[in-house]
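Here is a short report on a protein structure. Take a look at the chains first, then read on.

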Protein chains: 2
Amino acid sequence: MQTYIDTYKNMRKRLNAYGYAMWVLEWDLETDHPTGAVDYRAEQIEVLSNEIYALETDKKYNKAIDYLYENIDKLDDLLKREIKKVQKELRLIKKMPKEEYIDYQVLLSKSTSIWSKARENDDFEMFLPILEKIVAYQRKIVRYLQTPELKGYDVLLDLYEEGMTTKEYDVFFEDLRNELVPFVLTATSGKKPLSRKLTKNLFPLYKQKQFNMYLTDVFKFDLTHGVLRTSAHPFTSNFSSFDVRITTRYIENSIESAIFSTIHEMGHGIYEQNINPELKDTNLATGSSMGIHESQSRMYENMIGRSYAFWEAHFDHLKEIFDKELKNVTLLEFYQYINRAERSLVRTEADELTYPLHIMVRYEIEKLLISGKLKAKDVAKRWKRLYQQYVGVRPKDDKDGVLQDIHWAAGSFGYFPTYALGSAYAAQIYYAMNKDFNVENAISDNKIEKINAWLKEHIHQYGQSKSPKELMLLATGEPFNSKYYIEYLKRKFSS
Amino acid sequence: MQTYIDTYKNMRKRLNAYGYAMWVLEWDLETDHPTGAVDYRAEQIEVLSNEIYALETDKKYNKAIDYLYENIDKLDDLLKREIKKVQKELRLIKKMPKEEYIDYQVLLSKSTSIWSKARENDDFEMFLPILEKIVAYQRKIVRYLQTPELKGYDVLLDLYEEGMTTKEYDVFFEDLRNELVPFVLTATSGKKPLSRKLTKNLFPLYKQKQFNMYLTDVFKFDLTHGVLRTSAHPFTSNFSSFDVRITTRYIENSIESAIFSTIHEMGHGIYEQNINPELKDTNLATGSSMGIHESQSRMYENMIGRSYAFWEAHFDHLKEIFDKELKNVTLLEFYQYINRAERSLVRTEADELTYPLHIMVRYEIEKLLISGKLKAKDVAKRWKRLYQQYVGVRPKDDKDGVLQDIHWAAGSFGYFPTYALGSAYAAQIYYAMNKDFNVENAISDNKIEKINAWLKEHIHQYGQSKSPKELMLLATGEPFNSKYYIEYLKRKFSS
């Protein structure tokens with residue numbers, strides 16, 4: 001037994017070091033990397049990927065994993081989680097013939113750039129052959145990975161949110177459909193005019209940067225273990241809790257874009273920074289799941305960052321910095337501006353209230369595609385119909401319709417639902433935290449560290465050593481329940 | 001034979017990919033990396049270094065290299081260079097016992113931070129034990145690597161400048177001593193007052209950045225295959241000709257610091273960008289030697305960037321940007337300011353004229369240390385005496401004396417002389433280029449691309465496929481001769 005454990009741990013250390021290198025190479029690509037070196041870089045990445053593939057398929061290593069998986073009940077809890085995870089990750093490599101596996105990787109390496117071109121040209125037909133192939137592969141992956149307990153689309157859902165199945169998502173989205181779709185139609189019908197200072201002004205980038213640096217201090221995002229940079233699309237990038245990097249994007253005619261991007265990414269980032277450093281040599285030193293991750297980013301962005309209490313504490317400082325630009329703008333005007341809700345076409349620009357409806361559309365379509373009840377060629381049409389039905393608007397083109405997201409082109413099916421789930425988790429976690437201390441007071445007293453500490457204790461520290469279901473039970477005392485989310489949205493957007 | 005060649009080439013491809021990853025990791029450390037993750041990073045680097053060590057000491061690979069080296073005359077020219085180089089690089093690993101090798105690496109991993117502390121505290125005694133150990137290791141390295149043809153300090157000199165020995169350096173420095181030491185004393189004795197606008201003004205960073213971006217265009221530094229960023233100390237970082245990164249440093253009370261740092265690093269960078277892309281999978285895709293590299297950076301910085309012709313072309317644009325700061329400053333005043341010469345203590349801040357005298361001091365001391373004629377404990381005293389003798393000033397402390405440079409702490413003995421050699425190469429190369437076209441006209445016509453093209457054809461393209469001696473002969477038609485350098489300096493600083 002000990003020999004197998006040593007074999008596993010030794011290889012884990014090596015794989016982590018390779019993973020770290022690949023992570024920095026990816027960060028570099030997204031930030032500094034010059035365009036003319038893309039091919040050269042790809043050649044080096046290919047060689048390194050082969051090195052990693054060789055390690056992952058190493059016979060001694062795989063024998064050790066098989067043995068440990070067969071004797072999993074004899075392992076301590078942490079190693080149990082590690083072995084389950086690695087076994088799950090290696091399933092596809094083991095079951096899919098190598099050639100098929102490589103063909104699929106090659107397809108994915110090209111698909112996003114074709115999607116990007118198709119999107120630019122508003123040309124769904126250009127993307128269709130790729131989509132068809134990717135859907136066919138997803139259905140194959142399902143067949144390779146399915147078990148008596150987990151079948152069809154559930155196989156994919158489980159890849160992104162351990163333990164969540166269509167059964168549970170159906171209930172969740174059914175609740176949203178019943179409660180939220182009619183509510184949104186009412187809440188977004190009467191529009192109040194917004195302050196022109198907020199909608200028409202320019203906000204100099206150096207002032208925006210100053211305020212965003214101030215925010216890292218407000219939220220206690222640790223810059224000795226983190227980086228805040230600028231990139232085309234905001235993202236969080238991390239490999240260990242010691243080094244967590246976030247980016248934001250500054251837009252001169254928007255005062256809110258960078259602010260809420262930064263807060264959103266800090267939510268992801270603080271989660272990662274708070275993970276127990278003792279997990280560093282395992283494969284568990286990252287957030288538990290996509291849904292739990294998104295619950296943190298959305299709680300920070302929406303429930304904290306867009307709250308009235310938050311701006312009671314910080315609006316004066318914002319006005320100090322934007323002395324000319326925000327002259328005579330009131331706190332209430334600003335609050336209403338950053339919480340305006342409207343039915344719109346593009347997910348990434350959607351407000352907090354309508355956001356989950358965008359996800360519902362994608363969930364429905366994925367479910368139908370994987371079951372075979374919908375053909376790829378009919379996706380664009382179905383997209384338009386579902387947008388009308390759920391969001392209340394009908395896309396005029398495919399650019400801001402079915403082609404708006406990269407996910408399907410990247411082979412990510414089963415990922416979207418976690419975005420809506422994250423917001424719903426957040427409401428339930430916030431509710432539980434509020435029983436321990438008055439969260440709104442902590443926000444208006446500029447004591448976000450109290451929130452960070454509670455979340456660290458109840459969620460963050462565990463990394464992947466606990467599943468999302470275990471975490472929700474541990475942090476909130478009950479299984480996931482969508483009612484907190486629906487109540488939160490209705491309360492906020494009724495007032 | 002072909003099997004051995006295949007074994008070598010296959011491993012080269014793998015080693016290049018690892019080298020690429022380590023290069024990006026190093027760039028990341030120097031730019032984005034947060035301070036709190038240094039230990040975590042070191043653990044990953046250690047694992048990756050072990051992976052690389054295992055590849056480099058792989059038996060099949062080493063057998064292939066030995067075989068190819070024994071049959072080197074049967075190889076084509078390129079492979080001949082490759083095998084010579086790799087054989088040279090592997091000598092130390094092969095000859096030094098593994099434990100001693102690792103001990104030395106551990107010493108080096110700590111020595112620079114101790115040096116840094118000693119420097120801060122102006123405490124040579126704190127650094128002395130480290131210096132003693134490093135000198136002892138250098139002497140050991142010499143014993144491991146020496147051959148009947150190459151002995152003593154020459155072994156180290158050859159590591160940085162292939163084919164250069166004390167015999168040649170002694171002649172070079174002797175010439176400098178005879179010609180330059182007395183000349184400098186005269187040239188720096190009568191000081192003219194400089195425009196207070198240049199010495200006392202502040203130059204806003206955003207304006208400096210604007211002018212430095214303009215310079216990348218003037219010099220045709222290719223930003224699709226390069227990066228210009230800010231860092232604490234300017235440097236050039238590259239692994240292939242496809243991706244060459246330079247940094248500069250902006251100082252608010254100096255108009256010239258960033259400009260000449262950028263031009264200097266562009267000299268290095270353009271060299272690397274111009275290397276024949278077909279060398280990419282070899283170990284030869286980088287500059288030929290330290291000296292040749294420095295010849296390019298110093299030619300761009302001093303002979304082009306500090307020339308009157310250059311500012312005839314660009315001073316108007318500089319004045320446009322610094323409209324208030326440079327009001328009423330004349331081209332001549334600016335030219336005199338950027339070419340002021342004075343006897344000073346710190347090498348990195350020395351001007352073009354006195355710079356080689358700083359190097360002479362270091363060369364003398366290294367030679368004596370390696371031969372055993374000077375003890376480490378007596379270095380600080382000797383330093384002061386030689387500064388008085390060569391540069392004409394006497395350091396008051398060790399901080400700006402013997403402790404000013406990182407090189408010895410990093411185990412780099414034999415490196416310094418290449419700095420002076422680089423300037424001397426540059427003068428000879430410039431002289432040869434000027435026979436093919438009027439270089440000054442190209443500069444004042446803002447046609448630096450003509451210079452780039454000539455250097456690409458005669459030097460850059462070859463990378464390490466030719467030795468520095470071969471390149472000098474090829475580019476200038478004669479072996480290295482210091483007279484061009486001395487003539488250039490005397491002409492420029494007499495006027």
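## A covered strand

How many of the 6 residues of strand 3 (residues 243–248) of chain B are buried? The count is 6 of 6, and the strand is mostly covered. Buried means under 20% relative accessible area, exposed means over 50%, and partly exposed lies in between (1.4 Å probe, protein chains only). Strands (E, at least two residues) and helices (H or I, at least four) are DSSP runs, numbered from the N terminus.

In a regular strand, side chains alternate between the two faces of the sheet. Strand 3 of chain B is covered on both faces. B:D243, B:R245 and B:T247 are buried on one side. B:V244, B:I246 and B:T248 are buried on the other.

## How the model is described

This is a predicted model: local features need pLDDT of at least 70, side-chain atom pairs count only at pLDDT 80 or more, and totals for chains, interfaces and linings use all residues. Residues are numbered from 1 along each chain as its sequence is written, chains are lettered from A and ligands numbered from 1 in the order in which they are written, and side-chain values use heavy atoms, leaving out hydrogens and water.

## Partners of strand 3

Strand 1 (residues 226–230) of chain B pairs with strand 3 of chain B in the parallel sense, over 5 bridges. Pairing requires that DSSP finds at least two bridges between two strands. B:G226 has B:V244 as its bridge partner in strand 3.

Strand 2 (residues 236–240) of chain B runs antiparallel to strand 3 of chain B, and 4 bridges join them. B:S237 has B:R245 as its bridge partner. Strands 2 and 3 of chain B form a hairpin, with 2 residues between them.

## A buried loop residue

B:N339 sits in the loop between helix 14 (331–338) and helix 15 (355–371) of chain B. Why does B:N339 count as buried? Because its relative accessibility is 11%.

Leaving out residues up to four places away in sequence, B:N339 touches B:R306, B:E352, B:K492 and B:F493. Contact means heavy atoms within 4.5 Å. The side chains of B:N339 and B:K492 are joined by a polar contact of 3.0 Å.

## Two crossing helices

In chain A, helix 17 (residues 417–436) and helix 21 (residues 483–494) pack at an angle of about 85°, with axes 7 Å apart. These helices are therefore roughly perpendicular to each other (65 to 115 degrees). Residues that meet include A:A420 and A:Y431 in helix 17, and A:Y484 and A:Y488 in helix 21.

How values were computed: Polar contact = N/O pair within 3.5 Å; in protein donor to acceptor, adjacent residues only side chain to side chain. Axes fitted to C-alpha atoms, helices over the stretch in contact; angles between N-to-C directions. Parallel < 35°, antiparallel > 145°, perpendicular 65-115°, else oblique.
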